[in-house]
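Please read them against the coordinates.

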Amino acid sequence: MANVFHTWIAALTRVVRTVSTTANVVGTLVVLGLVVIVNYDVVARGLFNQPFRGAVEVVQFSMVLIVFLQLPDVVRVDRLTRSDGLLFVIGDKYPRVAVAMRRAINTGSAFIMALIAIAIFPEFTDMWETKDFFGIPGVFTAPWWPIKLTILCSATLCALIFALKVLSRDGSDKSA
């Protein structure tokens with residue numbers, strides 16, 4: 001029974017790894033698109049006195065997308081900024097304590113990310129139904145719902161990654 005559980009966890013981990021890596025790639029493509037837009041705005045503004053209308057809104061929109069598209073992969077590869085010096089210090093001498101502490105931290109992190117997902121879900125559904133937008137009408141507008149959906153999916157995926165780390169055989173952060 002335990003073997004089936006670990007096989008299931010390993011399969012789910014592979015799927016999560018693929019999804020988080022794909023989201024990271026999409027986030028990187030958004031960064032590249034943002035570079036193109038900003039450069040276009042600079043050139044068009046300087047040479048033709050015709051700035052890209054809505055550049056500020058596109059940058060704001062893109063920044064949120066970039067952060068939340070890349071967050072799950074950052075969590076997966078254990079590059080999220082945190083202070084885990086104590087875990088390194090006690091890891092050699094008291095490995096079980098370090099594993100227990102790591103599992104507790106990952107459990108708390110999964111809980112917090114799940115709360116973020118739960119909190120953003122009503123905002124997403126509201127934006128989806130109302131077709132609310134941001135920007136300046138007549139200049140540049142974009143709907144809010146893609147941002148809310150990205151935050152929802154990112155927080156859900158991060159919660160799942162943290163949970164998989166808790167459920168891994170050794171409690172290590174490298175499993176997901």
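At what angle do helix H1 and H2 pack, and how far apart are their axes?

1. The model is predicted. In it, helix H1 (residues 2–48) packs on H2 at an angle of about 155°, and the two axes lie 8 Å apart. Angles over 145 degrees count as roughly antiparallel, so H1 is roughly antiparallel to H2. The contact of H1 with H2 is made up of 15 nonpolar, seven polar and four charged residues. The crossing of H1 past H2 is left-handed.

2. H2 (residues 55–76) also packs against helix H5 (residues 145–167), here at an angle of about 10° and with the axes 9 Å apart. Because angles under 35 degrees count as roughly parallel, H2 is roughly parallel to H5. The contact of H2 with H5 has 15 nonpolar, two polar and two charged residues.

3. On the H2 side, the residues that meet H5 include Phe-61, Leu-65, Phe-68, Pro-72 and Arg-76. Among their counterparts in H5 are Pro-146, Ile-151, Ser-154, Cys-158, Phe-162 and Lys-165.

4. Strand E1 (residues 133–136) pairs with strand E2 (residues 140–143) in the antiparallel sense, over four bridges. Ile-136 stands opposite Phe-140 in E2.

5. Which residue takes a positive phi in the hairpin of E1 and E2? The residue is Gly-138, with a phi near 90°, and the hairpin has three residues between the strands.

Technical notes: Residues numbered from 1 in each chain as written. Predicted model: local features only at pLDDT ≥ 70, side-chain atom pairs only at ≥ 80, totals over all residues. Heavy atoms only, no water. Axes fitted to C-alpha atoms, helices over the stretch in contact; angles between N-to-C directions. Helix = DSSP H or I, 4+ residues; strand = E, 2+ residues; numbered from the N terminus. Parallel < 35°, antiparallel > 145°, perpendicular 65-115°, else oblique. Contact = heavy atoms within 4.5 Å. Nonpolar A, V, L, I, M, F, W, Y, C, P; charged D, E, K, R; others polar. Left-handed = near helix turned anticlockwise from the far one by under 90°. Pairing = 2+ DSSP bridges.
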